[in-house]
Amino acid sequence: MLALTLTCLFAIVTIATGLSLIDSWLRGRDAYLVLKREKALLNAGFIPQVHAHEVRLRTPARRTVAAASRPYARRLPLPTTQLAG
């Protein structure tokens, strides 16, 4: 009885491992094909556009009291006529 149980357990683990390896192989192959397609597009001169959900926006910088009290922090930006100069 113990040998039958261990044999069934070993068979189930073997099947699960095989299915996991097949799944990983299929996902890896799909990712590789996507990379090959993107490389071909880059070589053809196309520039890929990043999806909006993949862009991480920066958090705004916090203005502390120490930073606001520095003399150079209170300078006003130059008007655009002086920048073009």
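## Helices and a nonpolar patch

A search of the whole structure finds zero aromatic pairs. The model is a predicted one.

**Overall build.** The protein chain has three helices and zero strands. Along the sequence, the pattern reads α-α-α. How much of the chain is buried? Buried residues account for 1% of the 85 residues. The table gives the totals for the chain.

| Feature of the protein chain | Value |
|---|---|
| Accessible surface | about 8800 Å² |
| Part of that surface on carbon and sulfur atoms | 67% |
| Buried part of the 85 residues | 1% |

**Helix H1.** This helix covers residues 2-43. What span should its 42 residues have? At 1.5 Å a residue, H1 should span 62 Å. The C-alpha atoms at its ends are 61 Å apart, so the two values agree. Just after H1 comes Gly45, with a positive phi of about 105°.

**A nonpolar patch.** Which residues make the nonpolar surface patch of about 530 Å²? They are Ile15, Leu19, Ile22, Trp25 and Leu26. Ile15 is found in helix H1. Is Ile15 buried or exposed? Its relative accessible area is 54%, and exposed means over 50%, so Ile15 is exposed. An α-helix has 3.6 residues a turn, so residues three or four places apart point the same way.

**A charge over a ring.** Arg29 lies over the face of Trp25. The distance from the ring centre is 5.2 Å.

Notes:
Residues numbered from 1 in each chain as written. Predicted model: local features only at pLDDT ≥ 70, side-chain atom pairs only at ≥ 80, totals over all residues. Heavy atoms only, no water. Helix = DSSP H or I, 4+ residues; strand = E, 2+ residues; numbered from the N terminus. Buried < 20%, exposed > 50% of the residue type's maximum accessible area, 1.4 Å probe, protein only. Areas by Shrake-Rupley, 256 points an atom, 1.4 Å probe, with all protein chains shown as cover. Patch = residues over 30% accessible without salt bridge, like charges linked within 9 Å, V, L, I, M, F, W, Y side chains within 5 Å. Salt bridge = Lys/Arg side-chain N within 4 Å of Asp/Glu carboxyl O. Phe/Tyr/Trp six-rings, centres within 6.5 Å; stacked < 30°, edge-to-face > 60°. Lys NZ or Arg CZ within 6 Å of the ring centre and 35° of its normal. Expected span 1.5 Å × (residues − 1).
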